[in-house]
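Trainee: I've got a model open and I'd like to learn how to read it. Where do we start?

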Amino acid sequence: MLQPLKEEELNEIYTWVDQIPLTRPKKNIARDFADGILMAEIMHYFLPKLVDMHNYSQANSVKQKKYNWDTLNTKVFKRIGFTLSKEQVDSVISCQSEAIERVLKFVQAKLEYYLENNANSAEKQPQQADSQMAPPLLANEWQKDQQLFELRETIEVLEQKLHRMDELMKQKDAKILRYQQLLQQNGLL
């Protein structure tokens with residue numbers, strides 16, 4: 001079982017969220033974030049070119065909420081180096097105690113890391129948000145996660161190249177065999 005977040009951690013999260021202009025007022029943070037819309041708005045605030053708000057619609061059904069969170073995972077989070085687990089998403093959708101706060105803390109740290117390490121990208125951190133980002137949270141852990149993600153992508157590319165090389169070797173072996181057979185038929189071997 002996860003340890004409850006400290007009061008200070010909760011206050012930092014709530015302060016950070018309150019400083020981001022959202023389209024809906026926050027009444028009950030667990031219910032407000034359950035459909036993924038406000039998370040999409042947060043990501044859009046910091047990375048407007050990465051988030052198309054028309055991909056997300058307010059939802060009461062679990063199916064639509066999952067669709068919104070899956071869209072965030074595949075179209076936004078994955079592109080900046082992380083994804084949320086099914087368990088994390090399910091806990092937020094079902095409004096479990098402190099689930100959204102844990103996810104917000106995690107996303108905030110990942111977003112901070114991404115913005116700091118991609119300062120030259122087309123996406124820029126909003127000016128008013130400079131002092132609003134959380135202090136580095138377990139920076140080494142986030143760096144390891146980012147490196148792990150990049151290494152997995154590299155492995156995937158290398159495996160594809162290896163497969164292609166295997167295919168080329170098979171084709172060359174087949175050609176060599178054909179030429180050997182031709183040479184034998186013509187008495188040259």
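Mentor: Like charges are joined within 9 Å, and nonpolar side chains (Val, Leu, Ile, Met, Phe, Trp, Tyr) within 5 Å. Areas come from the Shrake-Rupley method with a 1.4 Å probe, and for residues only the protein chains shown count as cover. Bear in mind that this is a predicted model: local features need pLDDT of at least 70, side-chain atom pairs count only at pLDDT 80 or more, and totals for chains, interfaces and linings use all residues. Residues are numbered from 1 along each chain as its sequence is written, and side-chain values use heavy atoms, leaving out hydrogens and water.

Trainee: Which residues make the nonpolar surface patch here?

Mentor: Leu183, Leu188 and Leu189, covering about 330 Å². Leu189 sits in the segment after helix H7 (139-185); helices are DSSP runs of H or I, at least four residues, numbered from the N terminus.

Trainee: Is Leu189 buried or exposed?

Mentor: Buried means under 20% relative accessible area, exposed over 50%, partly exposed in between. Leu189 has 64%, so it is exposed.

Trainee: And Ser91, buried or exposed?

Mentor: Ser91, in helix H5 (residues 86-93), counts as buried because its relative accessibility is 11%. Beyond neighbours within four places in sequence, Ser91 has contacts (heavy atoms within 4.5 Å) with Gln96 and Ala99.

Terms used: Patch = residues over 30% accessible without salt bridge, like charges linked within 9 Å, V, L, I, M, F, W, Y side chains within 5 Å. Salt bridge = Lys/Arg side-chain N within 4 Å of Asp/Glu carboxyl O. Helix = DSSP H or I, 4+ residues; strand = E, 2+ residues; numbered from the N terminus. Buried < 20%, exposed > 50% of the residue type's maximum accessible area, 1.4 Å probe, protein only.
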